[in-house]
Amino acid sequence: MKRLCIIAAGALLIAAPAFAADDTITIGMTVSQTGSLNVDSVAQLKGSELWRDEVNDAGGIKVGDKHYKIRFVEYDDQSQGSRVQQLYTRLIVQDHAEYLFSPYSSGLTATAAVISEQYGKVMVIAGGAEGKIFQLGNKYLFQAITSADHYLSGAIQALKEKTSHADIAFVYSDDPFSKAVVEAARKQAAEAGFKEVLVETYPASTTDFSPIINKIISSKADTFMGGGHYPDGATLARQLYDQKAGLKWVSILVAPDSPKFASLGPAATGITVPSQWEPGVTYKPDFGPTPAAFAKDFEAKEKVGVDYHAASGYIVGLLLQHAMEQAGSIEPDKVAEELNKLEVTTFFGRYKIATDAQNHGLQIAHQMVLAQWQMKDGKLDLQMVWPDAAKTANPLYPIN
Amino acid sequence: MIGLLASIVDGLLVGSVYGLAAMGISLIWGVMDVINLTHGAMIVAGMFGLYLLVNDAGFPVYAALPPVLIAGLLVGIALYWIAVHRMIGRPPLMSLLSTFSVNLVLIGLGTAQWGTVLFNVQVSLPGLSLGRYTFPGTHIMAAVLTAVIAGVLYLFLFHTRPGKAVRAVSGNREAAELVGIPTTRVLALAFGLGVALAGVSGMLIGTLFPFTVLSGDAYQLKSFVVTVLGGLGNPTGALIGGLALGLFEGLSTPFMPVSWTLVFEFVLFVVVLIAFPGGLLNLRWPRRAG
Amino acid sequence: MILRRPFFWIVALVIVLFAVAPTIGNNVELRESLLLAAVYITLASNLNLMLGYTGYVNFGSIVFFGLGGYFCVYFISALGWGLAPAALVGGAAVSAFALLFGLGILRLRGAYFALATIGVNEAVMAFVTNFTPWGGGTGIYLSTALFLPLGGPARALWTIYYILVGVMGVSLYLSYFIKISKFGLGLLAIGQNEDAAAVLGVPTPRYKALAYCVSAFLPAVAGGLYFFKGAFIQPTDAFDLQFSTEAIVIAMLGGQGTVMGPALGAYLYEQLRGWLLTSDTFANFQLVIAGVLLLIIVLFAPGGLMGWLYGRWPRLKKVLE
């Protein structure tokens with residue numbers, strides 16, 4: 001009898017996925033639940049989950065005259081590329097994921113994109129900014145966030161409004177994302193008439209930046225641009241302060257955008273960060289929630305501050321939903337066609353992708369904002385300082 | 001010129017802490033021929049000890065040192081009995097693997113508990129300024145405390161009975177046994193000391209840089225490089241090796257891209273292992289018999 | 001005659017199973033899982049040549065895999081070579097590199113050697129991160145067009161899988177033939193007592209260097225295939241120390257010094273890991289369980305699974321290796 005029960009249970013387990021098929025759309029993704037990328041990756045996931053819950057509470061996506069609920073299947077990629085491919089294959093083949101969301105970070109997204117293309121699945125990308133991913137002849141990748149090339153454009157523009165002369169030290173992590181950002185930024189800085197006095201990379205796992213900071217001081221730089229992801233960015237900020245580098249302007253990638261950055265106290269003051277999105281932006285969406293509504297719903301549900309990772313996680317879901325609704329179908333090819341044509345504004349900003357074979361999928365309409373930590377009435381807050389249309393405070397320059 | 005000097009001094013300051021970390025490995029290696037691969041996890045434990053004591057229990061930062069030291073000692077003794085005792089006398093591979101497996105378990109539990117979030121302990125100490133360059137107060141304090149601990153260790157090993165017992169066992173275990181020294185207990189003590197050193201160095205590193213559960217790995221590797229430079233089994237050598245590494249990092253960064261420092265460090269590591277197995281300093285402490 | 005030994009047929013059976021099982025129902029998920037198992041078996045088997053036979057622990061054996069991957073991917077993307085020549089030449093290049101390095105570090109014994117292999121891996125990783133022709137820290141991306149000569153991505157994945165199964169099979173046979181050869185006898189003698197072996201006439205430095213060099217070739221080829229399949233290689237993935245420590249766990253788990261041991265250990269470990277990875281409760285406990293497993297083996301059963309099997313059923317020694 002016991003054996004019979006076990007066999008029956010086994011049969012049910014095997015048959016179960018098949019039952020889920022009909023009025024559900026399965027979206028697969030990996031999340032860095034562990035590893036160095038975990039802070040940002042989990043934030044991105046929470047954004048996606050908010051979207052999924054709102055859609056399901058409203059009865060599902062309406063496509064034609066059917067309603068589809070959304071089901072996520074996600075695994076932990078441990079911030080490592082080696083598992084990403086196996087997991088995405090599993091998502092496609094075993095979990096029957098019909099659509100895919102990217103992991104977090106350019107490196108992992110590149111690895112996942114290969115699988116996505118090999119199996120012909122549509123992947124909407126929230127966490128991968130590097131442009132190279134889109135130059136390999138893909139047909140099913142769609143980037144929702146600003147690509148790496150433009151990350152520091154805003155910082156350079158904002159700086160140019162404050163001064164015509166700057167000696168910039170570019171110090172960045174040796175990873176695909178940071179490298180792409182800084183290489184583009186160097187060109188843009190040169191075009192703006194700024195001088196580069198130091199260009200250095202460091203291994204992503206570096207913990208001691210004092211030798212580099214001494215080098216920055218020796219180079220007589222007055223501006224810093226660079227960083228990488230959270231751990232190194234936070235340490236850089238702290239050590240720049242401890243060693244009294246005395247810079248007039250500091251732009252660090254990714255790290256200062258996290259609410260946790262405030263724990264650095266005085267070391268955080270004046271640091272600017274390019275951001276894909278901030279709660280105070282004033283975009284008027286063609287569909288979906290307004291920036292304020294999204295921020296409010298997210299904070300009410302998650303009880304933590306909202307940041308651009310969460311917003312990007314939400315927007316990939318929203319864009320996919322919109323494409324399905326417009327196409328009137330959940331067929332990947334039709335949805336892909338729609339995503340190719342789409343040119344819209346959402347709470348996240350504008351969306352339009354490149355459709356030429358060279359760069360298919362690259363985001364070309366979305367813009368970054370620049371945020372800066374400023375002390376107001378004794379409290380440290382992240383203010384938007386650029387562009388003018390989006391700002392909540394004037395940029396502080398020089399910051400010391 | 002001042003820039004170079006600043007780099008060198010700062011390198012020495014931080015290097016001393018690396019030396020402290022390496023002393024833990026060196027001591028254990030010298031006394032019982034065991035390579036302690038839980039070293040990284042113990043450094044992380046020291047970091048978290050600092051964080052919990054300062055942020056949750058409100059200790060003043062440097063007052064966390066004694067509790068971490070004592071906890072390290074106790075944990076080390078426990079670890080000895082769990083993973084190392086049965087491996088004494090067996091090929092070094094076995095103790096390598098047993099300590100390695102304990103490391104996996106500890107790091108796994110750590111990530112399950114704290115994820116890989118970055119932790120930061122705010123320490124504000126006035127620094128010393130020299131022209132445009134500043135030596136952070138935390139670096140100076142860490143170097144001072146390292147010197148103090150190294151001094152205390154020296155006093156312990158050379159001027160107390162248990163300390164002399166440790167040196168005796170390290171020199172010749174059978175002979176020590178013959179003169180009535182309870183060698184097993186001494187080995188446990190030595191292991192505890194090694195772990196305590198790792199924990200304390202972790203605590204000091206925690207005052208300098210932010211850390212995650214995974215930070216231990218990088219410092220463990222650095223500890224190995226330093227230990228080899230200073231001569232395996234030679235704690236004084238380890239301290240000097242740490243200073244040497246710090247010096248090297250300080251000297252090289254002004255002249256070459258920072259990303260090449262690691263290449264040179266590891267190449268140096270391999271070369272010293274092959275060509276100078278006694279370390280660059282060749283100090284002897286004490287003579288090993290067989 | 002070799003064909004009469006049952007072990008020869010056991011390995012052949014394993015290869016056939018690997019090749020045929022995923023084709024039933026076009027089971028791509030199984031193929032991916034078996035592919036990883038084949039890679040682990042290749043790594044553990046070749047590691048065993050040093051670890052199990054000579055007793056030298058190559059903690060940084062992943063360096064062969066990573067370098068092989070880099071050579072192969074570079075040849076294909078920058079020089080336009082085909083997959084077979086790229087992988088094979090890559091393997092040969094890495095073997096040459098191993099021979100060169102081996103001459104240096106094989107002078108060391110025991111733990112010193114183990115540490116030196118870690119140093120080599122880290123030095124190579126740090127170097128490649130700075131080496132711009134190989135993409136530096138960013139790595140090399142392969143465009144999907146490069147899969148066209150193999151019939152497009154979907155077919156290419158199958159072809160690469162079969163080749164990897166072949167590489168795995170060759171590794172197992174190689175391990176076996178070395179074990180029953182005079183060379184292997186010499187290696188085992190070194191493992192027992194190196195100085196005695198030297199005194200008795202075993203040319204220890206030459207044998208060790210040869211074993212080290214040989215143990216590099218197949219992992220390098222496997223690396224080339226693996227990273228070509230993934231269409232992306234970067235230093236942190238290629239030289240991941242965790243991978244080689246897993247190989248050690250596997251070799252110990254299965255039974256070092258035996259031929260079947262690494263294969264058995266790799267298969268079991270891969271299944272365990274795959275299950276742990278996707279199980280909700282245990283996803284974070286993977287490292288813990290791997291650690292506990294290893295600790296138990298080292299403390300109580302250093303002969304691994306095969307050692308335990310041989311202990312219970314000594315007659316198996318005639319059939320398995």
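The structure is a predicted model. In it, helix H3 of chain A packs against helix H2 of chain C, their axes coming within 9 Å. Chain A itself is assigned domain 1 and domain 2, whose centres are separated by 29 Å.

- The crossing of H3(A) with H2(C) is left-handed.
- On the H3(A) side, the contact is made by A:Gln86, A:Thr89, A:Arg90 and A:Val93. H2(C) contributes C:Val28, C:Glu29, C:Glu32 and C:Leu36.
- By class, the residues of this contact comprise 3 nonpolar, 2 polar and 3 charged.

**Domains of chain A**

- Domain 1 of chain A is made up of residues 22-146 and 282-351. Domain 2 of chain A is made up of residues 150-275 and 368-390.
- The separation of 29 Å between the domain centres is taken over C-alpha atoms.

**Contact between the two domains**

- Domain 1 of chain A gives 16 residues to the contact, and domain 2 of chain A gives 17 residues.
- On the domain 1 side, helix H2 (38-57) and helix H4 (106-118) of chain A are the elements that give two or more residues.
- H4(A) gives the most to this side, with 3 residues.
- The domain 1 side divides into 5 nonpolar, 8 polar and 3 charged residues.

Notes
Residues are numbered from 1 along each chain as its sequence is written. Chains are lettered from A and ligands numbered from 1 in the order in which they are written. This is a predicted model: local features need pLDDT of at least 70, side-chain atom pairs count only at pLDDT 80 or more; totals for chains, interfaces and linings use all residues. Axes are lines fitted to C-alpha atoms, for helices over the stretch in contact, and angles run from 0 to 180 degrees between N-to-C directions. Helices (H or I, at least four residues) and strands (E, at least two) are DSSP runs, numbered from the N terminus. A crossing is left-handed if the near helix is turned anticlockwise from the far one by less than a right angle, and right-handed if clockwise. Two residues are in contact if their C-beta atoms, placed from the backbone, lie within 7 Å. Ala, Val, Leu, Ile, Met, Phe, Trp, Tyr, Cys and Pro count as nonpolar, Asp, Glu, Lys and Arg as charged, and the others, Gly among them, as polar. Domain bounds come from an automatic or database domain assignment.
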